[in-house]
Amino acid sequence: MTQLAKRLKAVKPSPTLSLNAKAKALAAKGADVLSFAAGEPDFDTPTHIKDAAKAALDAGFTKYTATGGIPELKAAIVDKLKKENQLTFTPEQVVVTVGGKQALYNLFQALLSPGDEVIILAPYWVSYLDMVRLADGEPVVIETSVENGWEPDPAAIRKALSPRTRAIIINSPSNPSGAVLSRAALAGIADAIKGSDCLVVTDDIYERLLYVPGGFYNIANVAPELAPRTVVVNGFSKAYAMTGWRLGYAAGPKDVIAGMQMVQDQSTSNANSITQKAAVAALTGPQAPLDAMVAEFTKRAAMMTDGLNRIPGVKCRKPEGAFYCFPDVGALIGRSYKGTAVTGSVKLSEILLDEFLLAAVPGEPFGAEGFLRFSFATSPQIIEKGLDRFAKLVAALS
Ligand SMILES: Cc1ncc(COP(=O)(O)O)c(C=O)c1O
């Protein structure tokens with residue numbers, strides 16, 4: 001056996017990717033599998049964005065670009081951040097990446113030395129922990145609870161801070177909880193970290209998918225004094241149904257962005273040239289297709305939440321954003337299905353897929369045991385049928 005790098009030992013395979021692979025394998029054998037596991041919109045990329053890509057291809061825009069992105073796209077991003085987010089950045093403070101994921105990866109590679117710490121609020125997007133570990137950093141997890149709307153206790157953040165804390169990550173709307181942190185919660189975080197010089201990473205990837213009034217805001221809006229040490233991470237995957245195109249960006253302090261670009265210079269180089277042209281069209285073109293998508297997700301969020309809350313033993317808080325319901329299934333843990341003990345959310349998800357052909361992601365790898373993540377980025381018909389299958393499983397538990 002080849003001896004692989006030690007740092008890989010701390011990293012776990014993505015549970016969503018492995019669940020999806022298992023669901024696909026079952027479907028390939030002819031099983032009628034339904035999936036609530038999707039982490040991407042089930043809509044197509046809007047036509048005008050595809051047209052811009054076709055035009056770029058026809059114009060021969062197929063060469064390397066500047067590593068950090070084409071000036072036209074950087075200018076559109078600077079403009080978007082100013083107009084939509086009331087945040088001021090210069091083009092040198094922006095780096096265009098291969099998805100929001102690469103922005104985060106580059107950031108931790110650029111920021112962390114062995115043993116440096118990053119504060120992460122649970123439940124969290126699974127990749128945060130592994131990306132920090134891949135950069136030889138240490139994730140420091142802070143628990144939150146559904147009873148408190150998944151909002152962190154500032155005292156817990158104060159306690160978690162150490163001289164090694166280099167960053168705190170905030171993700172609102174959240175994957176997996178669908179929660180939007182209130183302005184008061186963000187102000188609480190800002191207050192807790194005011195004595196530290198750690199960076200604030202705001203992962204705004206779900207900013208467009210909001211089902212509550214009031215519009216989007218992030219911590220730099222609520223606590224402008226933090227803006228100089230805030231890194232905004234965003235991308236085109238969720239807002240513009242462009243997951244396969246792989247495009248994201250980060251905006252932040254000049255030295256941090258320069259470090260991130262250095263990592264990119266020596267790894268992927270520029271994001272796809274054609275995709276960058278399409279992204280300019282996404283930011284500067286009509287936003288109406290997006291409104292239609294959000295209107296549809298709003299209906300589905302209500303439909304799925306209501307359906308889940310009708311199932312005995314299942315409690316679901318209504319998601320305020322993203323496209324996930326995150327029901328509390330703690331009352332089902334410890335029961336048994338045909339003699340097999342439901343030992344946790346992973347086991348529950350396994351039984352759901354193996355016996356009822358429904359894929360849903362367990363909460364445990366997101367740092368929230370006793371929960372399941374149900375994505376409503378699928379049709380209302382599938383939501384109805386899938387909930388029916390889940391209700392059948394619950395009814396069969398003893
Ligand atoms: C919270 C969160 N951040 C970032 C990403 C990265 O998305 P992408 O790399 O497609 O831009 C995802 C994707 O699932 C996510 O859920």
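1. In this note, contact means that heavy atoms lie within 4.5 Å of each other. The model under review is a predicted one.

2. The buried residues of α9 are Val256, Ile257, Met260 and Gln264. These residues lie on the same side of α9, because the arc they cover around the axis is only 95°. An α-helix has 3.6 residues a turn, so residues three or four places apart point the same way. The face of α9 turned away from the buried side carries the exposed residues Lys254, Asp255 and Met262.

3. The length of α9 may be checked against its residue count.

4. Which helix packs against α4 (residues 99-111) at an angle of about 105°? The partner is helix α9 (residues 254-265), and the two axes are 8 Å apart. The two helices are therefore roughly perpendicular, since angles of 65 to 115 degrees fall in that class. On the α4 side, the contact is made by Gln102, Ala103, Asn106, Leu107, Gln109 and Ala110. On the α9 side, Val256, Gly259, Met260, Val263 and Gln264 take part. Of the residues in this contact, 6 are nonpolar, 5 are polar and none is charged. Among the α9 residues in the contact, Val256, Met260 and Gln264 also belong to the buried set of that helix.

5. One joins Ala122 and Pro123, with omega about -5°; Pro123 lies in the loop between β3 (117-121) and α5 (127-134). Another runs from Ser172 to Pro173, with omega near -5°. Pro173 is placed in the loop between β5 (165-170) and α7 (183-192).

6. Trp150 has a phi of about 60° and is located in the loop between β4 (138-142) and α6 (154-160). Is Trp150 buried or exposed? Its relative accessibility is 8%, so Trp150 counts as buried, the limit being under 20%. Ala241 has a positive phi near 50° and sits in the loop between β7 (230-235) and β8 (248-251). Ala241 is likewise buried, because its relative accessible area is 8%.

7. Ala56 belongs to helix α2 (residues 47-58). The relative accessible area of Ala56 is 5%, so this residue is buried. Which residues does Ala56 contact, leaving aside its neighbours within four places in sequence? They are Phe61, Ile274 and Lys277. Ala56 and Ile274 are 218 residues apart in sequence, whereas their C-alpha atoms are 5.8 Å apart in space.

8. Gly214 is found in the loop between β6 and α8 (219-222). With a relative accessible area of 69%, Gly214 is exposed, because the class begins over 50%. Gly214 and Thr144 are separated by 70 residues in sequence, and the distance between their C-alpha atoms is 23 Å.

How values were computed:
Residues are numbered from 1 along each chain as its sequence is written. This is a predicted model: local features need pLDDT of at least 70, side-chain atom pairs count only at pLDDT 80 or more; totals for chains, interfaces and linings use all residues. Side-chain values use heavy atoms; hydrogens and water are left out. Helices (H or I, at least four residues) and strands (E, at least two) are DSSP runs, numbered from the N terminus. Buried means under 20% relative accessible area, exposed over 50%, partly exposed in between (1.4 Å probe, protein chains only). Axes are lines fitted to C-alpha atoms, for helices over the stretch in contact, and angles run from 0 to 180 degrees between N-to-C directions. Angles under 35 degrees count as roughly parallel, over 145 as roughly antiparallel, 65 to 115 as roughly perpendicular and the rest as oblique. Ala, Val, Leu, Ile, Met, Phe, Trp, Tyr, Cys and Pro count as nonpolar, Asp, Glu, Lys and Arg as charged, and the others, Gly among them, as polar. The arc is that of the directions from the helix axis to the C-beta atoms.
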